[in-house]
Amino acid sequence: MESLSDHKNEILNSLAEGVFTVDKEFRINFFNKAAEKITGFKGNEIIGKICKDLFKSNFCQTKCPFVQILESGKTIFDLDSQIDCNGKSKPIRLNAAILKNKLAQPIGGVISFRELEPFIRVQEILSKNYYFYGIVGFSKAMNEICDLIIEIADCDASVLIQGETGTGKELIADAIHAVGRRKDKPFIKVNCAVIPPNLLASELFGHVKGAFTDASKDRTGRFELANNGTIFLDEIAEMPANMQSQLLRVLQNGKFERLGESISRNVDVRVIAATNNNINSSIEEGKFREDLFFRLNVIPIRVPPLRERKDDILFLVTHFLNKFSLIYKKNIEKISDEALDIFMKYNWPGNVRELENAIEFAFIRTKSNDTIHACKLPPSLKEYKNCSKELSKSDVKSLKINEMIKLLEEYKWNKSALARELGVDRTTIWRQLKKMGIDK
């Protein structure tokens with residue numbers, strides 16, 4: 001019958017955290033795949049080397065984790081340190097424990113660790129309130145958009161924002177108005193896709209009493225309300241053809257007529273438009289006027305989908321955790337490595353809006369001061385997670401050894417906490433561990 005030890009390397013290499021072990025002389029005798037990825041060292045090249053000569057941590061000389069656990073006999077959790085990786089200092093958070101033989105005699109130690117640099121960078125940015133007028137993203141593409149917004153602050157040229165649904169086009173429009181010279185003037189928003197075509201003219205340009213059956217009094221249109229300010233026309237590609245010609249006239253000479261009125265009115269408005277449609281295809285199909293496109297597209301902005309800027313995911317996750325902590329009045333600051341790994345692998349067809357919804361779903365299912373784990377994520381992400389548990393529906397007996405160890409690592413081997421998460425009694429966990437031969 002196979003035992004846990006028969007699968008030791010396989011199990012340790014499946015973990016997201018770096019793991020290495022040393023003997024009593026502090027020589028490295030195991031180095032897992034994640035440790036190789038984090039440090040850049042190859043396991044077969046460093047086996048047999050003394051760990052302090054390799055990593056040169058600031059703890060190696062004075063507060064070596066292995067020395068601490070040998071002296072105290074206690075496992076170390078969440079110790080912040082740093083290691084030298086080929087001349088580059090890298091901050092890490094580590095756990096350390098003693099390895100013993102069957103006679104309970106110390107034979108070495110084991111350290112598991114994860115990178116802290118991405119989390120430190122996020123916290124530094126958050127501490128500086130570094131969001132750009134609501135825009136969260138520090139990838140190259142988003143930095144270029146923010147730079148462009150600043151560059152066009154003092155001009156009144158029309159802007160056309162293109163991007164998939166959920167990428168944050170409205171946030172871009174908000175930022176353009178907020179930094180522009182019209183920032184203290186009206187900012188009017190219109191979604192061209194939700195207003196019925198027969199009412200759109202009245203909404204945009206207003207009407208006079210008697211212009212149509214239900215026109216019982218004069219009405220001021222959105223363009224007139226936005227005079228001297230900015231108007232944001234969302235889903236501009238959905239605008240009917242007859243309305244496109246009227247909009248073109250406003251862009252050309254700043255004039256319009258209320259519905260049912262022959263008097264031309266002047267308006268001074270900066271136009272920002274947005275669409276998630278392929279505007280070039282709409283032009284080829286005759287659904288959108290090419291001359292209107294050129295009038296709107298003086299300053300083009302393309303907002304990349306989330307799958308093209310996955311460097312921003314960690315920042316967005318932190319931002320949404322802070323947001324929902326305020327909304328739901330409970331404190332959740334952490335998300336597991338497995339959940340983050342799922343976020344990085346997923347394609348996000350719904351972009352930032354879908355990510356926000358996924359975090360809110362998991363946030364609601366997670367208790368205050370706990371960590372959001374992969375199994376709390378929405379069903380749409382289910383195929384991307386390597387986890388067999390579901391809230392209160394777990395079949396503990398179906399868990400594989402490496403899955404059980406991952407769960408125990410997530411809960412720092414707190415069997416009671418794990419049992420609560422799985423919706424079973426603590427004795428069920430204890431019996432299954434005994435059956436698997438797992439002993440911390």
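Analyst: Two residues are in contact when heavy atoms of one lie within 4.5 Å of heavy atoms of the other. By that criterion, among contacts between residues at least 6 apart in sequence, 64% join residues at least 24 apart. The model is a predicted one. The protein has 440 residues, of which 46% count as buried, and its chain forms 19 helices and 16 strands.

The core in question comprises 32 residues and is the largest nonpolar core. Leu204, Phe223, Ile231, Leu233 and Ile236 have the most contacts inside this core. Several elements each give two or more residues to it: the strands are E7 (187-191), E10 (230-234) and E13 (270-275), and the helices are H9 (197-205), H11 (241-253), H12 (279-284) and H13 (290-296). Helix H11 supplies the largest share, five residues.

Ile231 shows how such a residue is surrounded. Leaving aside residues up to four places away in sequence, Ile231 touches Ile188 and Val190, then Arg222, Phe223 and Ala226, and finally Val269, Arg270, Val271 and Ile272. Apart from this core there is a second, separate one of 29 residues, which includes Leu306, Ile313, Val317 and Ala358.

In H9, Leu200, Ala201, Ser202, Glu203, Leu204 and Phe205 are buried. The helix is followed by Gly206, whose phi is positive, near 85 degrees.

Charged pairs can be considered next. Side chains of opposite charge can pair when their charged atoms come close. The whole structure contains 21 salt bridges. In one of them, Glu224 pairs with Arg258, the closest N and O atoms being 3.2 Å apart. Glu224 belongs to helix H10 (residues 222-225), whereas Arg258 sits in the loop between strand E11 (255-257) and strand E12 (264-266), so this bridge ties together parts that are 34 residues apart in sequence.

A second bridge joins the side chains of Arg289 and Asp291 at 2.8 Å, N to O. Here Arg289 is partly exposed, with a relative accessible area of 32%, and Asp291 counts as partly exposed at 33%. A further bridge links Arg302 with Glu308 at 3.1 Å, N to O; Glu308 is partly exposed, its relative accessible area being 47%.

The structure holds 13 aromatic pairs. One of them is the edge-to-face pair of Phe20 and Phe113, with 6.1 Å from centre to centre and 65 degrees between the planes. Phe20 lies in strand E1 and Phe113 in strand E5 (residues 106-115), so the pair ties together parts that are 93 residues apart in sequence. Both Phe20 and Phe113 are buried.

Elsewhere, ring pairs join Phe320, Phe324, Tyr328 and Phe363 into a cluster. Tyr328 is placed in helix H14 (residues 313-328) and is partly exposed, with a relative accessible area of 32%. Together with Ile327 and Ile364, Tyr328 makes a nonpolar surface patch of about 280 Å².

Terms used. Residues numbered from 1 in each chain as written. Predicted model: local features only at pLDDT ≥ 70, side-chain atom pairs only at ≥ 80, totals over all residues. Heavy atoms only, no water. Patch = residues over 30% accessible without salt bridge, like charges linked within 9 Å, V, L, I, M, F, W, Y side chains within 5 Å. Areas by Shrake-Rupley, 256 points an atom, 1.4 Å probe, with all protein chains shown as cover. Salt bridge = Lys/Arg side-chain N within 4 Å of Asp/Glu carboxyl O. Helix = DSSP H or I, 4+ residues; strand = E, 2+ residues; numbered from the N terminus. Buried < 20%, exposed > 50% of the residue type's maximum accessible area, 1.4 Å probe, protein only. Phe/Tyr/Trp six-rings, centres within 6.5 Å; stacked < 30°, edge-to-face > 60°. Core = buried A, V, L, I, M, F, W, Y, C linked by side-chain atoms within 4.5 Å.
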